[in-house]
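I opened a new structure today and kept notes on what I looked up. The entries follow in the order I made them.

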Amino acid sequence: LYWRLGLYRGTAFEEWIGEKLASKGVYTFKDVPKGSLYFTASDLTHNRLVVLPDDLERYGVPWQTFPVAKAIRMSCSIPYFFEPVRLRSLEGTSLIVDGGVLSNFPMWLFVKPEEKKARPVLGITLSPKPPEEPDVEIKNAIQLFDALFKTMKDAHDARYISRKLEKDIIFIAADGVTATDFQLSAAQKAALIEAGRKKTETFLKTWSY
């Protein structure tokens, strides 16, 4: 962990998601309509949020030939769990990790107040509404780090959501399941899918544009 900066490389995940995308004819960003697909990542080397594919030009990397699977891997490289992705560019090598470090629910990419919306923009988040989040108990340094990281991920987006977008978001509480639970049983997966279906049905019965 000390030298590699993460417990897992992430290459197996990138290959797996690449196979899934290839079955749909998607390899690079030129294979999807421009402006329809975005990912966020965090550039730790330059202390900034990166929006993929738009910000690739800043690194001197052509977005048209950049693999979508690699962008997904960059966007979910949870610090310490996965090794950072090394992006080589005109500026040198940047260490890229999970975009959730800086913006965990970047609905702002698609909702621009100054632009008239051609169609509704709906968000889906696997978390309860901000006021429903349970308080965190902090009694030691590990819990403090946990709480610090969670605040970094969620506080900015929660403030943005509560002011402007809450009525257009489906909040699905994935109770007891974390982003690193890779060994879920078929029953657990089915329960999550059913919870999402019921929450979405309820939302659409009362939602109006």
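**Notebook entries**

I began with asparagine 47, which is exposed because its relative accessible area is 69%. For these labels, buried means under 20% relative accessible area, exposed means over 50%, and partly exposed is in between, with a 1.4 Å probe and protein chains only. I found asparagine 47 in the loop between β2 and β3. Helices (H or I, at least four residues) and strands (E, at least two) are DSSP runs, numbered from the N terminus. Phi of asparagine 47 is near 55°, a positive value in a residue other than glycine.

I noted the ground rules next. This is a predicted model, in which local features need pLDDT of at least 70 and side-chain atom pairs count only at pLDDT 80 or more, while totals for chains, interfaces and linings use all residues. Residues are numbered from 1 along each chain as its sequence is written, and side-chain values use heavy atoms, with hydrogens and water left out.

**Backbone**

I looked up leucine 5, where phi is near 70°, a positive value in a residue other than glycine. Leucine 5 sits in the segment before β1 (6-8) and is partly exposed, at 33% relative accessibility. I also checked the peptide bond from leucine 52 to proline 53, which is cis, with omega near 10°. Proline 53 belongs to the loop between β3 and α2.

**Phenylalanine 29**

Is phenylalanine 29 buried or exposed? I have it as buried, because its relative accessibility is 2%. It is in the loop between α1 (11-22) and β2 (39-43). I listed its contacts (heavy atoms within 4.5 Å), leaving aside neighbours within four places in sequence; among them are Leu52, Pro53, Trp63, Pro67, Val68 and Ala71. Proline 67 is 38 residues from phenylalanine 29 in sequence, yet the two C-alpha atoms are 6.6 Å apart in space.

I then looked at tryptophan 63 again. Lysine 34 lies over its face, at 4.4 Å from the ring centre. A charge sits over a ring if NZ of Lys or CZ of Arg is within 6 Å of the ring centre and within 35 degrees of the ring normal.

**Helix α2**

Helix α2 (residues 68-75) has 7 of its 8 residues buried, so the rest of the structure largely encloses it. The buried ones are Val68, Ala69, Ala71, Ile72, Arg73, Met74 and Ser75. Their cover includes α1, β2, β3 (48-52), β5 (85-89) and β6 (92-98).

**Aromatic pairs**

How many aromatic pairs does the structure hold? I noted 8. Rings of Phe, Tyr and Trp (its six-membered ring) pair if their centres lie within 6.5 Å; planes under 30 degrees apart count as stacked, over 60 as edge-to-face and the rest as tilted. Phenylalanine 81 and phenylalanine 82 are edge-to-face, because their planes are at 80°, with ring centres 5.0 Å apart. Phenylalanine 82 is buried, with a relative accessible area of 11%. Phenylalanine 82 also forms a tilted pair with phenylalanine 182, at 6.4 Å centre to centre and 45° between the planes. Phenylalanine 82 lies in strand β4 (residues 80-82) and phenylalanine 182 in the loop between β8 (169-171) and α4 (186-206), so this pair ties together parts 100 residues apart in sequence. Phenylalanine 182 counts as exposed, at 52% relative accessibility. Ring pairs link Tyr8, Phe81, Phe82 and Phe182 into a cluster.

**Salt bridges**

I searched the whole structure and have 9 salt bridges. Each is a side-chain nitrogen of Lys or Arg within 4 Å of a carboxyl oxygen of Asp or Glu. Arginine 4 and glutamate 83 form one of them, at 2.8 Å, N to O. Arginine 4 is in the segment before β1 and glutamate 83 in the loop between β4 and β5, so the pair ties together parts 79 residues apart in sequence. Glutamate 83 is buried, at 9% relative accessibility, whereas arginine 4 is partly exposed, at 35%. Arg4, Arg9 and Glu83 are linked in a network of salt bridges.
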